[in-house]
Amino acid sequence: MKSSVKNKAIWLIAYPIIFGNLAQTLITLTDTAFLGRVSNIALGASMMAGIYYYVYSTLAWGFAIGIQIIVARRLGEKRLERIGVIFEHGLVFVLSLSILLFLIQHFCTAGILEKIIQSPNIYAAAMEYMDYRHYGIIFVCFNFLFRALYIGLSNTKVISFSTALMAAVNIFLDYALIFGKMGFPEMGIGGAALASVCAEISALIFFTGYTIIKLPLKTYMLFYFHKLEGWLMVSILKLAFPTMIQKLLSFGTWMIFFVLVEHMGEGPIAISGIVRSVYMLIMIPVFAFGATANTLTSRLIGESKQDEVMSTVFKTIGQGLIAILPVLLCCCFFPHLILSIYTNDIALADASIPSLLVIGAASVAMTFGMPLFEAVSGTGNTTHALILESLVLIAYTTSVWFFASYIGTRVEWAWTSEFTYGALIAIVSVCYLKFSHWRKKKI
């Protein structure tokens, strides 16, 4: 059936997420650009420690997606008064989860990183980074929850504001703390970590204030401190837990990717630090349109318009392809210009070009794969989504191991695994949406 969702409606949801993700990616870009001028060791260590940090935060991200799906479904059903109840249950769980993740990082990071990082220099720098960075895990968990609320409500412009604030705070403090400018101490890689923590705190303060001032709290029954409903918490966790595990496996596998690349040497990990930052820049619209597909799928099901889901998802993919084209063309035709943002080492930039071209192709595959897979989650069948991605991640990990450990000569071959992931996740998601019985899922 032809989709009743117009391109304008898709963009109204997606473009604030794009700008929000752009600001978020600017944080990574700024860290990479500044630390690339400190040393290759600092560049590689910040990337390894950053990925390690985000593996933990994916549990909160996965839980928040579960909240997002339910909020979007209640919006479609016009049961607005339940949205605040659901969000408050999310706050209780995220508080407990964030404290647990903080304690694990605080007491276990040294032993974990010692086992997975081969270079003593990179290990020492990564520990300096994590000594500050792990304090941000509590704030980032709550930020994910607020993002889920607003994406579920299709009111995504606030995400642009919050992450723009994050980027501004991070850029200013990166410059001041990494290099010791404007009276601040020169902290190097530790300064980059502290700047990111301060940026996350600023975003949480903004989210809280904006929600209290701007949202119709009475309509959504937000912050009315409802009595906890055991059955509702169980229902939320039943939906969210597979997504939490799925995100943990996904980013955990990406951590394995960078561990294997780090074992190839300090050169390949420095290249991958730069390439990862560019890749995340290209992927900004991909993630945004993926989140849009998730929300629209859940909302359409809530409106009993299941027959429109596939056509809406493919319309979303088309808009995503248009959105990534400008950055993709710049990477293909002006690679040195792009890479000069991250490093003034000409040899390092030249060595990064093949990997840059590989991630360009991978981003096209991901533009198909991400919205299709997010649509599977949007149906509410998160356990099936976990199974599908687990199968794809087995193939992905095998590909990474083969090129990084077995072949182990050129890092760009390891990056071809990203194309493998994008293509496979698209194929299995299409098969699921076409042939599986997902239309009657109640959440």
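**Notebook: salt bridges and overall build**

I began with a cluster of charges: Arg74, Glu77 and Arg79 are linked in a network of salt bridges. I keep in mind that this is a predicted model.

Entry 1. I looked up the pair Arg74 and Glu77. Their closest N and O atoms are 3.1 Å apart, and they form a salt bridge. Both sit in helix α2, which covers residues 40-77. They are three residues apart there, so about one helical turn separates them. Is Arg74 buried or exposed? Arg74 counts as buried, at 9% relative accessibility. Glu77 is partly exposed, with a relative accessible area of 29%.

Entry 2. Next I checked Glu200 and Arg133. Their side chains meet in a salt bridge, at 2.8 Å from N to O. Glu200 has a relative accessible area of 2%, which is under the 20% cut-off, so Glu200 is buried. Arg133 is buried as well, with a relative accessible area of 3%.

**Entry 3. Arg410 and Glu412.** I turned to another salt bridge, between Arg410 and Glu412. The closest N and O atoms of this pair are 2.3 Å apart. Arg410 counts as partly exposed, at 45% relative accessibility. Glu412 is buried, with a relative accessible area of 10%.

**Entry 4. Charges in total.** How many salt bridges does the count give? I noted seven salt bridges. Side chains of opposite charge can pair when their charged atoms come close. The protein chain carries 29 positive and 22 negative charges.

**Entry 5. The whole chain.** I stepped back to the fold. The secondary structure comes to 16 helices and zero strands. The radius of gyration is 21 Å, close to the 22 Å that the globule rule gives for 443 residues, so the chain is as compact as a globular protein of that length. Along the principal axes, the C-alpha atoms fill a box of roughly 55 × 45 × 35 Å.

**Entry 6. Contacts and surface.** Residues 24 or more positions apart account for 84% of them. Of the 443 residues, 60% count as buried. The accessible surface comes to about 17,300 Å², and 70% of that belongs to carbon and sulfur atoms.

Technical notes: Residues numbered from 1 in each chain as written. Predicted model: local features only at pLDDT ≥ 70, side-chain atom pairs only at ≥ 80, totals over all residues. Heavy atoms only, no water. Helix = DSSP H or I, 4+ residues; strand = E, 2+ residues; numbered from the N terminus. Rg over C-alpha atoms; globule rule 2.2 N^0.38 Å. Buried < 20%, exposed > 50% of the residue type's maximum accessible area, 1.4 Å probe, protein only. Contact = heavy atoms within 4.5 Å. Areas by Shrake-Rupley, 256 points an atom, 1.4 Å probe, with all protein chains shown as cover. Lys, Arg positive; Asp, Glu negative; His and termini not counted. Charge placed at Lys NZ, Arg CZ, Asp CG, Glu CD. Salt bridge = Lys/Arg side-chain N within 4 Å of Asp/Glu carboxyl O.
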